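Dear colleague,

My notes on what was found in it follow directly after.

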Amino acid sequence: MAEGDSQEERMAWLRDRGIEIELPSDRKREAIPTDGPSRTLKIVKIPADETKNYTEISIPVEESKIGDQLPSILRIFFNQGSVRVDDVKEAAATQLTNQEVKITQKTLDKLSDVGSVEVFPLAHPNEYNNNCKVSFYLDEVGQLKKLAPNHRATQFAKLCGFENVPLVGDMFIGRVGPASMLGLNGSGPVNVDFSLSELSSDAPWLKDVVKHNYEAGLKANRVAMESDLPETDISAEAEVSGAKGVKWSETSDYVEVSVQLPAEITKFTAKDVVVKISAAQVSIKIKNNTAESIVREEKTYAPNELIVLFESPLAGRVSVDDSTWSISGHTVELSLEKTGGGGMWKKLTA
């Protein structure tokens with residue numbers, strides 16, 4: 001053992017000579033704490049190292065706790081490696097233009113020591129998988145830590161319809177489902193077993209998973225896959241006749257509407273946009289916050305007046321509580337959940 005050896009080299013030298021060494025991280029890994037009565041949960045580990053096999057792991061979780069416990073429990077498995085300040089600034093520069101990132105290496109080291117978990121959904125809840133969600137649990141800053149690519153996990157994500165997802169580092173697969181699956185009261189999800197045998201391509205939870213993920217992506221306005229799906233189940237985006245800048249598409253369960261905002265309005269906030277969704281009608285307006293009048297659909301709107309972008313009865317009925325809207329760039333996007341058994345409307349307005 002030389003004077004300039006690192007801590008890892010010193011520990012290896014001592015262990016080679018029969019000296020037992022226990023670190024705080026070793027103790028944390030051996031005992032995952034839980035509060036109150038516990039039960040055993042099965043999850044699966046997919047190592048980034050392809051020479052290592054998939055492993056089914058049993059971990060303790062709180063017996064009656066509602067909610068996904070894995071993000072907090074698995075943090076201790078992702079507290080290795082470090083993140084450099086320069087890498088954070090480089091990554092931020094590609095996403096946050098003209099904004100300086102102020103963070104120290106000491107702060108990053110503390111965050112890395114704690115560990116953080118990202119949840120990547122592979123299958124969204126639906127009636128065909130008992131309303132369960134299956135997800136990857138991975139190191140949230142694995143890319144910044146420059147962890148090794150996990151090619152097997154990437155291929156598995158592709159099987160679920162997610163193309164070219166750069167997954168890195170070791171990861172786990174787990175499942176959450178309705179509390180009723182465990183005989184518990186409550187409306188939230190609970191952790192349920194995911195076993196090694198369920199990685200088979202013919203596992204029930206993988207049936208039509210691409211289609212169901214696409215529909216869930218439409219609802220959340222973040223479709224990130226390329227899939228060939230039946231035309232009867234998903235319609236191509238189309239313009240709405242007589243409505244300037246309005247496009248729509250549908251699945252058997254959802255209707256997606258996008259409305260382009262007037263080019264004259266270059267700056268606005270969410271408070272300037274007024275969206276009303278009822279069971280059979282939608283209305284989208286924006287405040288004319290310019291100093292000039294704006295002409296739209298042959299009508300002139302004075303400064304501070306609400307401009308009607310789209311207002312019409314719908315061809316079917318939607319669930320008000322389960323429908324959402326958001327602003328993306330210069331577009332207002334609506335995701336409307338159909339009621340009354342769904343089905344294809346073929347048109348947006350009545």
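Phe-136 is buried at a relative accessible area of 0%, where buried means under 20% relative accessible area, exposed over 50% and partly exposed in between, with a 1.4 Å probe and protein chains only. Phe-120, at 14% relative accessibility, also counts as buried. This is a predicted model, in which local features need pLDDT of at least 70 and side-chain atom pairs count only at pLDDT 80 or more, while totals for chains, interfaces and linings use all residues. Residues are numbered from 1 along each chain as its sequence is written, and side-chain values use heavy atoms, with hydrogens and water left out.

There are six aromatic pairs, counted when ring centres of Phe, Tyr and Trp (its six-membered ring) lie within 6.5 Å; planes under 30 degrees apart count as stacked, over 60 as edge-to-face and the rest as tilted. The rings of Phe-120 and Phe-136 have centres 6.4 Å apart and planes at 40°, so this pair is tilted. Because Phe-120 belongs to strand S3 and Phe-136 to strand S4, the pair ties together parts that are 16 residues apart in sequence. Helices (H or I, at least four residues) and strands (E, at least two) are DSSP runs numbered from the N terminus. Phe-77, Phe-78 and Phe-172 form one aromatic cluster.

Helix H6 (residues 151-159) has as its buried residues Arg-152, Ala-153, Thr-154, Phe-156 and Ala-157. Their cover includes strands S1 (38-46), S3 (117-123), S4 (133-139) and S5 (171-178). Just after H6, Gly-161 adopts a positive phi of about 100°.

The largest nonpolar core has 27 residues, of which Val-257, Ile-284, Phe-310, Leu-334, Leu-336 and Leu-348 touch the most other members. Such a core is a set of buried Ala, Val, Leu, Ile, Met, Phe, Trp, Tyr and Cys residues joined through side-chain atoms within 4.5 Å. Another core, of 23 residues, lies apart from it and includes Ala-157, Cys-160, Met-171 and Ala-203. Cys-160 is buried at 0% relative accessibility, and Cys-132 is buried at 3%. The structure holds zero disulfides, a disulfide being a pair of cysteine sulfur atoms within 2.5 Å.

Five bridges join S10 to S11, and Ile-277 has Val-282 in S11 as its bridge partner.

Definitions and conventions
Contact = heavy atoms within 4.5 Å. Pairing = 2+ DSSP bridges.
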